[in-house]
Amino acid sequence: MWKKRHPIENGSILARSSSSSSSVSVSGDSEEEDTGFLEVTVTDMRHPPPELGPMPEGLSPQQVVRRHILGSIVQSEGSYVDSLRRILQDYRNPLMEMEPKVLSARKCQVVFFRLKEILQCHSMFQIALFSRVAEWDATEKIGDLFVASFSKSMVLDVYSDYVNNFTSAMSLIKKACLTKPAFLEFLKKRQMSSPDRVTLYGLMVKPIQRFPQFILLLQDMLKNTPKGHPERLSLQLALTELETLAEKLNEQKRVADQVAEIQQLTKSISDRSSLNKLLNSGQRQLLLCETLTETVYGDRGQLIKSKERKVFLLNDMLVCANINFKPVNTRGQLEISSLVPLGPKYVVKWNTALPQVQVVEVGQENSTYDKDNVVIQNAGAKKHVPTSQSSHNKVYLGPPRLFQELQDLQKDLAVVEQITQLISTLHGTYQNLNMTVAQDWCLALQRMMRVKEEEIHSANKCRLRLLLPGKPDKSGRPISFMVVFITPNPVSKISWVNRLHLAKLGLRDENQPGWLCPDEDKKTKAPFWCPILACRMPAFSSKALDLQLGAVVHNPVQSSLLGFSAVSTSLPQGYLWVGGGQEGAGGQVEIFSLNRSVPRTVKSFPVASQVLCIEYIPEKSGEEQEKTEDSQATAEQASALHPTICLGLQDGSIMVYGSVDTGTQCLLTCKSPGRQPVLCLKHSPDYLFAGLQNGIVAAYAKNSGGLWDLEAKPTCLQVGTGPVRVLLTLDDTLWASCANQVTVLDAASLKAQDTFEAHPDKEASVTHMIKAGSGVWMAFSSGSSIRLFHTETLEHLQEINIATRTTFVLPGQKNVRVTSLLICQGLLWVGTDQGIIVLLPVPRLEGIPKITGKGMVSLNGHCGPVEFLAMAASTLAPDILKSDKEEEGGEAVCGDEEKPEGRCPEPVTHDSHPGREMRKKGILLQYRLRSTSHLPGQLLSVREAPAVAGAGALEHTEEDGSIYEMADDPDVWVRSRPCARDTHRKEISSLAIISGGRGYRSFNASSKGPACSETDSTLLIWQVPLTL
């Protein structure tokens, strides 16, 4: 309970009762629901508004900016609190007091649920904010106020209730507007009488937007607070609290929306149906749902019909439903169009078990199913094409208009070929009627046909073709039917194919379940979402030798040859380098290609000694390349422009290799000072750092060619007497660990800046360091704890005992050691010496990466220590995301696997006439012959004819020869011009996590297979959904 009562306007302060439950029922007709809060009465006096005093002299530019940001925080908070008061005073209170009531007390409870408590939370925050403003010039402190105000569980509870109830509240308002004219009139009057004309919906959506606004303001404040300022740590902790709160609210809203969507679907199904029982079992999770357009094509590709469907991807089934909106008054609908639309009613059309659903791309039919034993029918079509006929005829499933245009071009080409044969029989010689001109016509039409085919295939980037099982025919042959959906954009198509693929992987035994969540009651449960174990495989192709794993790294490479759907299901594009070997003997490097759903070995080669570490060095940035281009180009410089991979070996060798795409050549090699084993490698823009066994960090500078100068003597930095086990580059510093100490070095001058003790036990050497936000997590050679340190103050912020998580899988095993660390997408992956992998949630922004939840424990692991954890990430090529609306100049982009006859057409040659730039872009296939420039008709040419003498004197332009130019037909060419709203292309990131260790082990007690299998070095690869 609050110790002190503060005066606020027209309200009371609530404190959370310790015995109350956070879940609240809003049913019943009582005026005030049982909220689980203790009410404290306060006076009705308004607190004086905050004011910043006059700006002192001598402030730095950053201090001035911070004062302005503080003003923005105060202003936005004042506006927010006023909006909350307006909702209660202008809407809720009059509706509760109105006679006769246009909205019952119970419905008012639902619509305005938790708004009073949210107002009280922010009134308290505003009071504290006022005092900080008064003291700002003396203290410049505000971060700790956000931490104190928004870390309370009460804030999360009231906001969670509000956010989860928001959709229901909006639906109730919409229904009331449609059925009660008095209520609609009340809303209109209130809006018109308000000074800013903001609607009720506009006011009620503000709590949902509040924390993202706070985060943006605090990010600006942090950006303008210099390093070394005492307020930075408080601001970073405040960012962490707000991000954690916003993330929890988002997750709860997502789960609530998905549950509501399943409930809406369940309402449309008969209570006796098997689907209803499945949906009500509580074991169904909604992975994706979207409104798609189902299209039915005839045997010649013509469109028969199309209709919008709601498609639901559950964790084990696919459901397609008709959408039935309740007919409403059109005028009323327009008047309330700013509110959330009513939820539609669904009528299930079909549902299919997920393992039986197949994605079929154009050109992949033969490999997807057995054509001889399966009859394919188009869903909704009365007739289907016999298998024998469809295999001989090329059927295009592009939009009907494009298909018709292609057919017209084919007919025109046949006619022109006949004309060409007739011209060849002419006895006389004519300037513009000869075989050269006729062949030019044929070539031009063939070019236009190729472009049209490309447009059809490009349109398939939004075409989702699913093969579904049907009932067998009379002879017992299985019948499958093809359903074709049009997605809103290529990103949606990629998302559907990706989620379908991962959902199928999720149904495998090893993913049922794949992870467990420790709950508050000490029990475990399967999480709502988790990474999917995609595959496991031997780390080395050679089984004759007992090779130990050393290190792994991902070399991202974009493959333009990768098919459109293959992009959606494959692992992150590029190559995985795995190094290892035998203690005191030779080493081995294995390179895997990830451009598919299961990796395959593309190269394997031995090295002189065991590989202990690998560092990937990306290609130079644009600025660095420009600098290199300004200097004299050499062969070394050319090599330096490409990515390189550096290996550190047991015998002290450092080897630099080119990427796979450049032949995997060994570009450089050298020995470390004193031939000391190279335990770790890190690079900065200027140096390659090597951590050695004897406590030295060797720094290799770059030569004039841009490669590391391994021949010159490196700069040696002594950081201790024990081995330098791990290096970490942070901005302009390098952190080097030796025993339980970490030394911070300036990455440019190579001077030591600071040294601090990372663990009180001198025997606990730092073995792993990983950065996230403004913190560094560390693991140690002994003990089961990981520790968090601030990157700026080097302050110890948090310690987590991993053993408390692993005991859920292996009870009684308390002697746990952390053997690997990785941070990826808001999750800290922790590998242990027992082969168990633990996931812990951490914030993603520039705040402090404190662990904010109980996390998850993997039921798939290794028989021995998890030797490494690595991330493979790549961004899809921008061309993949181009829809047909974005193709410029009529030059269709090849849709990867959707290439006619396996190749891309040659680029269309555009006229270089200066006036061309002012005209619409289109395909202009033309030639210039003086004697035909005045004739009507379409210009046909694939090349520029040589200029005819005297042609420049004629007063005509290209347009004179064309009264029917394709570029002037908006129906044909509007699709080829980029739309302003499509200019910002979305980015899609693909991500996978790789762990390495001895063998594979299932920690699932109900697993049918052996608990531990294989002792060879094994890689486990987890996939997460594409980040859109």
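Biologist: Two strands pair if DSSP finds at least two bridges between them. What order do the four strands of the open sheet have?

Modeller: The order is E22-E23-E24-E25, and the pairing is antiparallel. Strands (E, at least two residues) and helices (H or I, at least four) are DSSP runs, numbered from the N terminus. This is a predicted model: local features need pLDDT of at least 70, side-chain atom pairs need 80 or more, and totals for chains, interfaces and linings use all residues. Residues are numbered from 1 along each chain as its sequence is written, and side-chain values use heavy atoms, without hydrogens and water.

Biologist: Which strands sit at the edges?

Modeller: E22 (678-683) and E25 (715-718). Each pairs on one side only.

Biologist: How many bridges join E24 to E25?

Modeller: Four, with E24 covering residues 696-701. Ile 696 faces Gln 718 of E25.

Biologist: Switching to helices. At what angle do H3 and H5 pack?

Modeller: About 160 degrees, with axes 11 Å apart. H3 is residues 115-134 and H5 is 143-150. Axes are lines fitted to C-alpha atoms over the stretch in contact, and angles run from 0 to 180 degrees between N-to-C directions.

Biologist: So how do H3 and H5 run relative to each other?

Modeller: They are therefore roughly antiparallel, a label for angles over 145 degrees.

Biologist: Which residues of H3 and H5 make the contact?

Modeller: H3 gives His 122, Phe 125, Ala 128, Leu 129 and Arg 132. H5 gives Asp 144, Leu 145, Phe 146, Ser 149 and Phe 150. Contact means heavy atoms within 4.5 Å.

Notes
Angles under 35 degrees count as roughly parallel, over 145 as roughly antiparallel, 65 to 115 as roughly perpendicular and the rest as oblique.
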